[in-house]
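Student: Could we go through the side-chain contacts in this one together? I'd like to start with the charged pairs and then move on to rings and cores.
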Amino acid sequence: MISLEYIKEDIQKIAEAIEAVLGIDVTIVDEELIRTAGTGIYIDKIGQKVKGYSAFKKSMIEQSTILIDDPSCNSICKECYSKKECKEFAEMCCPIVCDGETYGVIGLIAFNEGQAEIIKKGKDNLINFLGKMADLISSKLKAQIKAYELELEKKKLETLVDSIDKAIVSIDINGKIDKFNSKFKESFKLNGELYNKNIFEILNFIKKTLIFETKNEKSHSFYYKKEGYSLRGIYNINQIVLNGELKGYVIDFIDKRDAIKNYNKINKEYKITLENIIGESKPIKNVKKEAFIASRSTSTVLITGESGTGKELFARAIHNHSNRSEQPFVAINCAAIPDNLLESELFGYEEGAFTGAKKGGNLGKFELAHKGSIFLDEIGDMSLHLQAKLLRALQEKELNKIGSKSNISIDVRVIAATNKDLESMIKKGTFREDLYYRLNVIPINLPSLRQRKDDIPLLTKFMVNEYAKKLDKPVVDVDESVIKTFIDYKWPGNIRELQNVIEYGINMSSMPTITLDVIPNRLQNIEIEKSIENDSQIRTLEELEKIEIIKALNKYKNYKKDKDLAAKILGISRATLYRKLEKYNIISK
């Protein structure tokens, strides 16, 4: 909070001016009753506190001027802390009020009869005079408060701009730098004084024409290079306009690599670790152990396994357990991008490298993953041409961008994945053997869901909770018969297929429990397939029909709508079911 201490030099001059005019000692105290200024005997008491109850305190509380013309009989003096030692003949106190708040008191103190007479005879004029002096102090205090508030707002703004995780600079209309944050100097490796330096000379990728044409296009890509250091990203230009007049520009810079890194930081709640991967079966425990060991290394990892087993999940977990976890994790599906585009996606390109190339070029996934990890999914679908380029990047720790005349050093941990048999592809000549051995330094083979059936109940429970929340459905459980069916099913689509089945069941279910009647038909046929495998006896069609009807009725005998459910699973109408019951003389409750 602002106090008289902030303007003590000014109020000392005012105290001396009052004493020079009136010939009476002056003391000025602040809101804590600490003497801030004084003349005569009070000079040596500056900084000391007025103790106990006094006329100063009363004047401050009541915000009124107080006159004591006879201390011996004044009621205020009777309560005074130092009344026995008092040498005062008269006193006048005037409060210093600013915007309704009392900040202190001006005190005139008479120590002889002559001074006392001046106070008594000229009290009306003195009250007016001291009021003017208090107003003068108040105006100076108000100016100081305003200056303090402006300084505080300036400091807040500087701190705010400095805390923004992107480089920011402001320039005048001629390009001279007047403000910048620490990230600006750090990002562009700038040293020394920058104030009044020309932005066009410091960052030569910014052109005057772009600044002046900012109305048409505010965002531009950039490439900055300095003494072996390079930076690529986007910068935005915004005008500073005051009262309709252009005063300058604010430019902010976004580093593409930082953007990826920050995306990973923002998504902390989605930060996959090995502990997040559900499963207690021996196969999954073993593979999690292998993955943790892999995370401690910087060697390349090749994750193999059927489609839907969670290869990207494990790749992310390996990255998040590594010492690169705070750096970018960049994933790319090699099968999802046409071969002619995949090269530019992986390795990037320079401006003008080909028709349609972006102005300023483009960062490849390897550059974006610098210091972090890149996940190459479906590596088995990569062409032989790109396999050769990838091999070079892995061996030389550098890459050659399309259209570039020089190579760029990279520090990237590669994690690749495939559901294909790369060894058989090597024999056929569709996958490079040398690349295979570069990738397969740490092999991790993920078990299929049918190899870890013990985990199905755990996975099912987790997925039911997740999809029930997502779909806002009151489903909380799965019937035991459904779990049994899940365990018996072969799951060609693995975890991904289980997710699909659970989501379907929750959508179709009208009850809190998922039952057999709301799961896909391909799973409901499991029991029929099993009975065919285990029963070699040949029966007539009518006998088979009767057996299946009885099995369906037994299956749903504890359900309220047992006939409806039995008819549905048999693929017939309810009316047809009743005709069949009568035909085969089947008694049902």
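Student: Is Asp-381 buried, partly exposed or exposed?
Tutor: This is a predicted model, and in it Asp-381 has a relative accessible area of 34%, so it falls in the partly exposed class.

Student: And which residue does Asp-381 form a salt bridge with?
Tutor: Its partner is Lys-420, with the closest N and O atoms 3.0 Å apart. Lys-420 is itself partly exposed, at a relative accessible area of 35%.

Student: How many salt bridges does the structure hold?
Tutor: There are 25 salt bridges. One of them joins Lys-583 to Glu-542, where the closest N and O atoms are 3.4 Å apart; this pair also links distant parts of the chain, since Lys-583 belongs to helix α24 and Glu-542 to helix α22, 41 residues away. Lys-583 is partly exposed at 49% relative accessibility, and Glu-542 is partly exposed at 47%.

Student: Which residues are linked in a network of salt bridges?
Tutor: Arg-324, Lys-371 and Asp-411 are linked in that way. Elsewhere, the side chains of Glu-245 and Lys-247 meet in a salt bridge of 3.5 Å, N to O, with Glu-245 partly exposed at 47% and Lys-247 partly exposed at 40%.

Student: Switching to rings, how many aromatic pairs are there?
Tutor: The structure holds 23 aromatic pairs. In one of them, Tyr-6 and Tyr-148 are arranged edge-to-face, with 6.1 Å from centre to centre and 70° between the planes. Tyr-6 comes from the segment before α1 (8-22) and Tyr-148 from helix α5 (residues 123-163), so the pair connects distant parts of the chain, 142 residues apart.

Student: Are those two tyrosines buried or exposed, or something in between?
Tutor: Tyr-6 is partly exposed at 43% relative accessibility, and Tyr-148 is partly exposed at 33%.

Student: What about Phe-188 and Phe-205, and why is that pair tilted?
Tutor: Their ring centres are 6.1 Å apart and their planes meet at 35°, so the pair is classed as tilted, because stacked requires planes under 30 degrees apart and edge-to-face requires over 60. Phe-188 is buried, at 0% relative accessibility, and Phe-205 is buried as well, at 12%.

Student: Which cluster do ring pairs build?
Tutor: Phe-188 and Phe-205 are among its members, and ring pairs link them with Phe-180, Phe-184, Tyr-195, Phe-222, Tyr-224, Tyr-235 and Phe-253.

Student: Last topic, then: how many residues are in the largest nonpolar core?
Tutor: It has 35 residues, and those with the most contacts inside it are Phe-486, Trp-491, Leu-498, Ile-502, Ile-506 and Ile-514. Among the elements that give two or more residues to this core are α17 (456-471), α18 (480-488) and α19 (494-508), and the largest share, six residues, comes from α17.

Student: What does Leu-498 touch, leaving out residues up to four places away in sequence?
Tutor: Leu-498 touches Leu-449, Leu-459, Thr-460, Met-463, Phe-486 and Trp-491.

Terms used:
Residues numbered from 1 in each chain as written. Predicted model: local features only at pLDDT ≥ 70, side-chain atom pairs only at ≥ 80, totals over all residues. Heavy atoms only, no water. Phe/Tyr/Trp six-rings, centres within 6.5 Å; stacked < 30°, edge-to-face > 60°. Helix = DSSP H or I, 4+ residues; strand = E, 2+ residues; numbered from the N terminus. Buried < 20%, exposed > 50% of the residue type's maximum accessible area, 1.4 Å probe, protein only. Core = buried A, V, L, I, M, F, W, Y, C linked by side-chain atoms within 4.5 Å. Contact = heavy atoms within 4.5 Å. Salt bridge = Lys/Arg side-chain N within 4 Å of Asp/Glu carboxyl O.
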